[in-house]
Amino acid sequence: MDQDLCYCGERAVRGEGLLRNTMSCPACGSEWEITHCWNCGEQIDGRFSSTCRSCSWYLCAKCGAHEPDCTHTIKASLKNAAHYQGTFI
Ligand SMILES: [Zn+2]
Ligand SMILES: [Zn+2]
Ligand SMILES: [Zn+2]
């Protein structure tokens with residue numbers, strides 16, 4: 001999925017400064033968060049990523065990483081990640 005592409009089909013623009021991880025669509029006003037996995041560098045799109053219930057970080061779709069010190073199990077999220085990737089490739 002293209003991080004720059006909005007649901008409405010228009011190109012979104014990345015914010016600056018504190019909003020550099022925020023994409024916003026000039027056409028429909030939608031906003032979403034874009035970040036990267038600290039562990040594997042995979043791009044994380046806030047629209048499609050689930051968050052850890054314990055640390056509330058986004059779960060990486062590739063490796064399942066979340067907050068490094070979080071003790072919550074990531075097994076379930078890895079399963080979902082495999083499904084998630086299969087959906088979009
Ligand atoms: Zn839009
Ligand atoms: Zn990762
Ligand atoms: Zn966590």
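Predicted model: local features only at pLDDT ≥ 70, side-chain atom pairs only at ≥ 80, totals over all residues.

Reply: Residues are numbered from 1 along each chain as its sequence is written, and chains are lettered from A and ligands numbered from 1 in the order in which they are written.

Me: Which element of the protein has the highest mean pLDDT?

Reply: The term pLDDT denotes the predictor's confidence in each residue, from 0 to 100. For the protein the mean is 85, and 80% of its residues reach 70 or more. Among the elements, H1 has the lowest mean, 51, and the highest belongs to S2.

Me: In what order do the elements run from the N terminus on?

Reply: Helices (H or I, at least four residues) and strands (E, at least two) are DSSP runs, numbered from the N terminus. The protein has one helix and four strands. From the N terminus on, the order is β-β-β-β-α.

Me: Which strands are the edge strands of the sheet?

Reply: Two strands pair if DSSP finds at least two bridges between them. The four strands form an open sheet in the order S1-S2-S3-S4, with antiparallel pairing. Each edge strand pairs on one side only, and these strands are S1 (13-14) and S4.

Me: What is the bridge partner of Val13 in S2?

Reply: S1 pairs with strand S2 (residues 22-24) in the antiparallel sense, over two bridges. Within S2, Val13 has as its bridge partner Ser24.

Me: Which residue in the turn between S3 and S4 has a positive phi?

Reply: S3 and S4 run antiparallel and are joined by three bridges. One bridge pair consists of His36 and, in S4, Gln43. The two strands form a hairpin with six residues between them, and the turn residue with a positive phi, of about 85 degrees, is Gly41.

Me: Is Pro26 buried or exposed?

Reply: A residue is buried if 20 or more other C-beta atoms lie within 10 Å of its own, exposed if 12 or fewer, and partly exposed in between, with C-beta atoms placed from the backbone. Pro26 is located in the loop between S2 and strand S3 (31-36). Because 11 other C-beta atoms lie within 10 Å of Pro26, this residue is exposed.

Me: Why does His66 count as buried?

Reply: His66 belongs to the loop between S4 and H1. Its C-alpha atom lies 7.5 Å from that of Cys55, although the two residues are 11 apart in sequence. His66 counts as buried because its C-beta neighbours inside 10 Å number 24.

Me: How many residues make up the largest nonpolar core?

Reply: A nonpolar core is a set of buried Ala, Val, Leu, Ile, Met, Phe, Trp, Tyr and Cys residues joined through C-beta atoms within 7 Å. In soluble globular proteins, nonpolar side chains tend to be buried together. Among the members of the largest core here are Cys37, Ile44 and Tyr58, and the residues in all number seven.

Me: What phi does Ser56 have?

Reply: Ser56 is placed in the loop between strand S4 (43-45) and helix H1 (75-88). Ser56 counts as exposed because it has 10 C-beta neighbours inside 10 Å. Although Ser56 is not a glycine, its phi is positive, at about 65 degrees.
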